[in-house]
Amino acid sequence: RLGTERFYTHDEINQYLDDLAQQYPSRVFVKTVGKSYEGRWLKTIRITNGDGRANKNVILMDGGFHAREWIAHASVVYAIGELVENYEEYAQLLLDYDWVVLPVVNADGYVYTHLSADTRFWRKTRQPSSDTCIGTDPNRNFDFHWNETGASSNPCAETYAGPKAFSEPEAVVVRDLIHELAARGKMYLTIHSYGNYLLHPWGYVDALPDTWPNLDEVGRAGADAIQAATGTVYAVGGSTALLYAAAGASDDYAFNAGFPISFTMELPAGGTGFDPPASDIDRLVKETWIGIEAMGRKVVEKYPLNAG
Ligand code: 0X9
Ligand code: ZN
């Protein structure tokens, strides 16, 4: 089991997934779902209770859209460890549900942030975007109201939407997962940092979807569980009102594709914001898991198998 004493590299995280698949072959299934621009394998882990039943409901979770948000990668890796290695505690979360998790979406960016202090705060992908600039914001690259608001057409900007929707292979991988799982998918959860938010659609417009009470109920469950456990306060609400309008993000895309619950979870700041010290990893990933678990329990209760 991976410790929480330091941040792991992309290779180490992929190795951990493969190790889990080898150690728990009846419960854990690792699949290579694509390649990053620079050719790194993007791998999902599907976590089950091992009963072999097909067509369960699905919770889809990812991390590492933005390279520098290291506590997101760490939290998703920790969540995988909990669900796999402490699975007796989570029987209810796995009875009628599979969890499909992609811990590192933007693998090239994540590797780049490990190179030096000068590259530590890179956000985007690593595909050249012009003669002089590199990278597209993968969370502005989805084809739902693409580049309409809160995104940039400047290839050098941090929120560059890309030359067209789905120009980035990493966004294509998430898109394809969303469509593959949409019929069974009940919650899409994408982990970012920072700001202590549980953000639900819409992110492209101020209006809320008419099912917003369901979103609020799940988000509140997560925020309340965290506050009760550690005192940390998360704000729950629509992305645009709480944070800012930003179109072309994965959360709106997944919600529109059929996931009734979709959240961006913005973890707490640390250090100068995106760089909490390694000594804070243990506390933060455990706190984050309390929220994810509570949201999962609420989703499992609200959306039983075969109940639409
Ligand atoms: O801007 C983002 O992509 C997210 N914040 S971050 O600081 N991690 O970059 C927020 C995305 C919220 N969702 C939408 N606006 N759809
Ligand atoms: Zn982010």
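The model is a predicted one, in which local features need pLDDT of at least 70 and side-chain atom pairs count only at pLDDT 80 or more, while totals for chains, interfaces and linings use all residues. Residues are numbered from 1 along each chain as its sequence is written, and chains are lettered from A and ligands numbered from 1 in the order in which they are written.

We begin with two individual helices. Helices (H or I, at least four residues) and strands (E, at least two) are DSSP runs, numbered from the N terminus. The expected span of a helix is 1.5 Å times one less than its number of residues. Helix α5 covers residues 169–181, and its 13 residues should span 18 Å at 1.5 Å a residue; the end C-alpha atoms are 18 Å apart, which agrees.

Burial is judged by C-beta atoms placed from the backbone: a residue is buried if 20 or more others lie within 10 Å of its own, exposed if 12 or fewer, and partly exposed in between. By this count α2 is mostly covered, with 13 of its 16 residues buried. In α5 the buried residues are E170, A171, V173, V174, R175, L177, I178 and L181. Contact means that the C-beta atoms of two residues, placed from the backbone, lie within 7 Å. The buried residues of α5 pack against the strands β1 (28–35), β2 (41–47), β3 (57–63), β4 (97–102) and β5 (185–193), and against helix α8 (250–257).

Helix pairs come next. Two packed helices are described by the angle between their axes and the distance between the axes. Here axes are lines fitted to C-alpha atoms, for helices over the stretch in contact, and angles run from 0 to 180 degrees between N-to-C directions. A crossing is left-handed if the near helix is turned anticlockwise from the far one by less than a right angle, and right-handed if clockwise.

The axes of α6 (residues 212–230) and α9 (residues 281–302) come within 8 Å and cross at roughly 145 degrees, and this crossing is right-handed. On the α6 side the contact includes N214, E217, V218 and A221, and on the α9 side E287, I290, G291 and A294 are among the partners. By class, the contact of α6 with α9 holds 10 nonpolar, four polar and four charged residues, where Ala, Val, Leu, Ile, Met, Phe, Trp, Tyr, Cys and Pro count as nonpolar, Asp, Glu, Lys and Arg as charged, and the others, Gly among them, as polar.

Helix α9 also packs with α2, at an angle of about 65 degrees and with the axes 9 Å apart. The crossing of α2 and α9 is right-handed. I71, A74, S75, Y78, A79 and E82 of α2 meet I281, L284, V285, T288, W289 and I292 of α9. Nine nonpolar residues, two polar and one charged make up the contact of α2 with α9.

Turning to the ligand, a residue is near a molecule if its C-beta atom, placed from the backbone, lies within 6 Å of it. Of the 14 residues around ligand 1, N139, H192, G203, A246 and A249 come nearest. The shell divides into four nonpolar, six polar and four charged residues.

Several loop residues also deserve a look. A247, in the loop between α7 (239–242) and α8, is buried because 22 other C-beta atoms lie within 10 Å. The C-alpha atoms of A247 and A151 are separated by 6.7 Å, although these residues are 96 apart along the chain. Leaving aside neighbours within four places in sequence, A247 is in contact with residues including H145, W146, G150, G203 and Y204. G150 sits in the loop between α4 (107–113) and α5, and counts as partly exposed because it has 19 C-beta neighbours inside 10 Å.

The peptide bond from S193 to Y194 is cis, with omega near 5 degrees, and another cis bond joins P201 and W202, with omega about 0 degrees. N147 has a positive phi near 60 degrees without being a glycine.
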